[in-house]
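Reader: Please take one part of this predicted model and describe closely how it is placed among the rest. I would like the pairing, the packing and the charged contacts in one connected account.

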Amino acid sequence: MRLVAVQPDIAGNVGAMIRVCACFGARFELVEPCGFAFSVRAVRRTGLDYAEQVEIVRHDSWTRFLDAERDGGARARLVLLTTAGAAPLWSWRFEPGDAILVGRESAGAPPEAHEAADARLRIPMAEGARSLNVAIAAAVALAEARRQLTSA
C-alpha cells in the first residue's frame, strides 16, 4: 500500500502520516509544493523514529508524480479521500499497490488530483461532522485497506 500526501500544509500531520505508514507497512509519498520546508527534522517531532522505518518518496509536482506512475509500468489505482466523495470508504475493495491520496489540510486535493483519481471516497461520519484531520483520515483508510488485504 501507498499513502500519497498531495501538497500538505502542516509538518506535524506529515510526521503523523509517516508514523501511520510505518505501523501499517505502507510507503509514504509526498507531492510538493508543501506549505512548509520539508525535511526529516521538520517532521521528526511527530513522526519520532518511525521515519527510518518508512520508504519516503518525494515528487516535485503533481506532474512528476504522474510521470513516476507511468514509468512504473501499470499505473496503480489512485484512491482519493475527499469530503466530496460520492462513495463511502467501506464500499471500495482495495488491491495491493493502491495509492491512497489525501489533500491539503486547508483546501483539500487540487482539481488535477480529483480528475486523475480512479475513486473519490468519503469516510462516513456522524451527522453535522465536517471532516477528520487529514492524518487521522489517512490512518482510517490505511487500516481499512490493511484489514481487507490481510483478511482476504
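Author: A salt bridge here is a side-chain nitrogen of Lys or Arg within 4 Å of a carboxyl oxygen of Asp or Glu. The model is predicted, so to speak of local features requires pLDDT of at least 70, and side-chain atom pairs count only at pLDDT 80 or more, while totals for chains, interfaces and linings use all residues. Residues are numbered from 1 along each chain as its sequence is written, and side-chain values use heavy atoms, with hydrogens and water left out.

The part I take is strand 1, residues 2–6. Helices (H or I, at least four residues) and strands (E, at least two) are DSSP runs, numbered from the N terminus. Five of the five residues of strand 1 are buried, where buried means under 20% relative accessible area, exposed over 50% and partly exposed in between, with a 1.4 Å probe and protein chains only. Arg2, Val4 and Val6 point one way from the strand, whereas Leu3 and Ala5 point the other way.

Strand 1 pairs with strand 2 (residues 27–31) in the parallel sense, over five bridges; two strands count as paired if DSSP finds at least two bridges between them. In this pairing Leu3 stands opposite Phe28. Strand 1 also pairs in the parallel sense with strand 6 (residues 99–102), here over four bridges, and Arg2 stands opposite Ala99. Together with helix 1 (residues 11–24), strands 1 and 2 make a right-handed β-α-β unit. A crossover is right-handed if, with the strands pointing away from the viewer, the path from the first strand over the helix to the second runs clockwise.

Next comes the packing around Leu3. Contact means heavy atoms within 4.5 Å. Leaving out residues up to four places away in sequence, Leu3 touches Met17, Cys21, Arg27, Phe28, Glu29, Ile100, Val102, Ala138 and Leu142. A nonpolar core is a set of buried Ala, Val, Leu, Ile, Met, Phe, Trp, Tyr and Cys residues joined through side-chain atoms within 4.5 Å. The largest such core has 36 residues, and Leu3 is among those with the most contacts inside it, together with Val14, Met17, Phe28, Leu81, Ile100 and Val102. At least two residues of this core come from each of strand 1, helix 1, strand 2, strand 4 (78–81), strand 6, strand 7 (119–122) and helix 5 (134–151). Helix 5 gives the most, with eight residues. Apart from this core lies another, of 12 residues, among them Ala99, Trp62, Leu80 and Ala113.

A disulfide is a pair of cysteine sulfur atoms within 2.5 Å, and the structure holds zero of them. For Cys21 the nearest cysteine sulfur, that of Cys23, is 9.4 Å away. Cys21 counts as buried because its relative accessibility is 1%. Cys34 is in no disulfide either, the nearest cysteine sulfur being that of Cys21, 14 Å away. Cys34 is also buried, with a relative accessible area of 18%.

The charged contacts centre on Arg2. The structure holds nine salt bridges. In one of them Arg2 is joined to Glu69, with the closest N and O atoms 2.3 Å apart. This pair links distant parts of the chain, Arg2 in strand 1 and Glu69 in helix 3 (residues 62–71), 67 residues apart. Both partners are buried: Arg2 has a relative accessible area of 9%, and Glu69 has 7% relative accessibility.

Arg2 is also touched by Asp98, which, leaving aside neighbours within four places in sequence, is in contact with Met1, Arg2, Arg77, Val79, Trp92 and Arg93. Asp98 lies in the loop between strand 5 (87–88) and strand 6, and it counts as buried because its relative accessibility is 2%. Asp98 forms a salt bridge with Arg77, the closest N and O atoms being 2.8 Å apart. These two also lie in distant parts of the chain, 21 residues apart, with Arg77 in the loop between helix 3 and strand 4. Arg77 is partly exposed, at a relative accessible area of 22%. Arg2 itself belongs to a network in which salt bridges that share partners join Arg2, Arg27, Glu29, Glu55 and Glu69.
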